[in-house]
Amino acid sequence: MNRLKYYLKRVKNPNIYQGMFKKKNYFEGWYYNLLLKDATRLVFIVGISLHSDDPHAFIQCFKNSEPRKYYRFSLNEFSYSIERFEIKIGNNYFSENSIEVALDDVVGSIAIRNHTKFPTTTFTPNIMGPLTYLPFLECYHSIVAIEATTFGYMYYDGLRFDADQGLAYIEKDYGKKFPISYSWHLSNKFQKSKGVCVTAEARIPFYFFSIHGHFAFMYYNQETSIFSTYNFSRLKINKRKNFFSFYKDKEQLHVILDKKKSVELQAPDTNGMSLIVKEAIDCESHIIYIKNRQVLFDDISEKACFEEHNI
């Protein structure tokens, strides 16, 4: 496939593998966050790192707040489809519809169904909107599934976990490296209401200086409200109180977080998967969404996730 044809295909579908013509200084990874009916969280982060110091494919996973597991594979064990999001790493298979894992101490098969997709257009092919088309950014982000339903099972350290009627959230990152500093949050299981809230903010290098970018969305009542740098929404942060407020026109989104014990994860840096970031998956969040001065969503999640680096 020539470069132009591949470029048009991957821009139209950012969830497929973006790195066909990348040879070095590149990473791509997909993030699966699974919340089972018994409140267990399983997280799988899978992908490839083409940095010259340590090129390899990887599967990284953890359960609840337990230490991560990191499995390395040679580049020859990584393969992908150019038609759809579908990758294989060794004997393991990942797509937007299923996870098939055959590792030493993590084995299982989970089907992912009933996807709620992130709304896209030609102008906004993913959460980054038209910024996706800028070729010089260090990191790009895309939402694969806002929410979906899981079925199946997973054996983790010898224990069997039932994944039937669980919740799934899937996203991805790709580029050269993670931002200088960033925070990210997910709430998708609330006390009273059904909804999904995701927020992120980052310090992004931009030529000889850096800018503070952000995005957030609130999915509620089958509608998705988007706050992002590209649509001129504003973000105010009180880091001491972990309070994030997004403003756009007549809409407001407020997120208050109580962080808990975190897990250290490996992430892409200039010399490979050497960056250490922290993710906590048993946080408490309070989400308030306001439109036209009316509170449409006000609820608490006791299973929120929060990831951070250098903030």
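Predicted model: local features only at pLDDT ≥ 70, side-chain atom pairs only at ≥ 80, totals over all residues.

Trainee: Which residue is the ring of Phe297 paired with, and how are the two planes set?

Mentor: To read a ring pair, one looks at the distance between centres and at the angle between planes, where planes over 60 degrees apart count as edge-to-face. The partner is Phe190, with the ring centres 4.9 Å apart and the planes at 75°, so the pair is edge-to-face. Phe190 counts as buried too, at 8% relative accessibility.

Trainee: Where do Phe190 and Phe297 lie along the chain?

Mentor: Phe190 lies in the loop between strand 13 and strand 14, while Phe297 lies in strand 22, so the pair ties together parts that are 107 residues apart in sequence.

Trainee: How many aromatic pairs does the structure hold?

Mentor: The structure holds 18 aromatic pairs. Among them is the pair of Phe27 and Phe178, whose centres are 5.7 Å apart and whose planes stand at 75°, so this pair is edge-to-face. Phe27 belongs to strand 1 and Phe178 to the loop between strand 12 and strand 13, so the pair ties together parts that are 151 residues apart in sequence. Phe27 is buried, with a relative accessible area of 2%, and Phe178 is buried with 12%. Rings can also gather in a group, as Trp30, Tyr32, Phe85 and Phe94 do in one aromatic cluster.

Trainee: Which charged end sits over the ring of Tyr247?

Mentor: That is the charged end of Lys236, placed 5.6 Å from the centre of the ring.

Trainee: Now for the strands: which strands pair with strand 10, and in what sense?

Mentor: In a regular strand the side chains alternate between the two faces of the sheet. Here, strand 10 pairs with strand 9 in the antiparallel sense over nine bridges, and Val107 has Tyr155 as its bridge partner. Strand 12 is also antiparallel to strand 10 and joined to it by nine bridges, with Ser142 partnered by Lys172. Strand 11 runs antiparallel to strand 10 as well, joined by four bridges, and Tyr153 stands opposite Asp162.

Trainee: How many residues lie between strand 10 and strand 11 in their hairpin?

Mentor: There are two residues between them, and Asp157 in the turn has a positive phi of about 55°. Strand 10 itself is mostly covered, with 15 of its 18 residues buried.

Definitions and conventions:
Residues numbered from 1 in each chain as written. Heavy atoms only, no water. Buried < 20%, exposed > 50% of the residue type's maximum accessible area, 1.4 Å probe, protein only. Pairing = 2+ DSSP bridges. Phe/Tyr/Trp six-rings, centres within 6.5 Å; stacked < 30°, edge-to-face > 60°. Lys NZ or Arg CZ within 6 Å of the ring centre and 35° of its normal.
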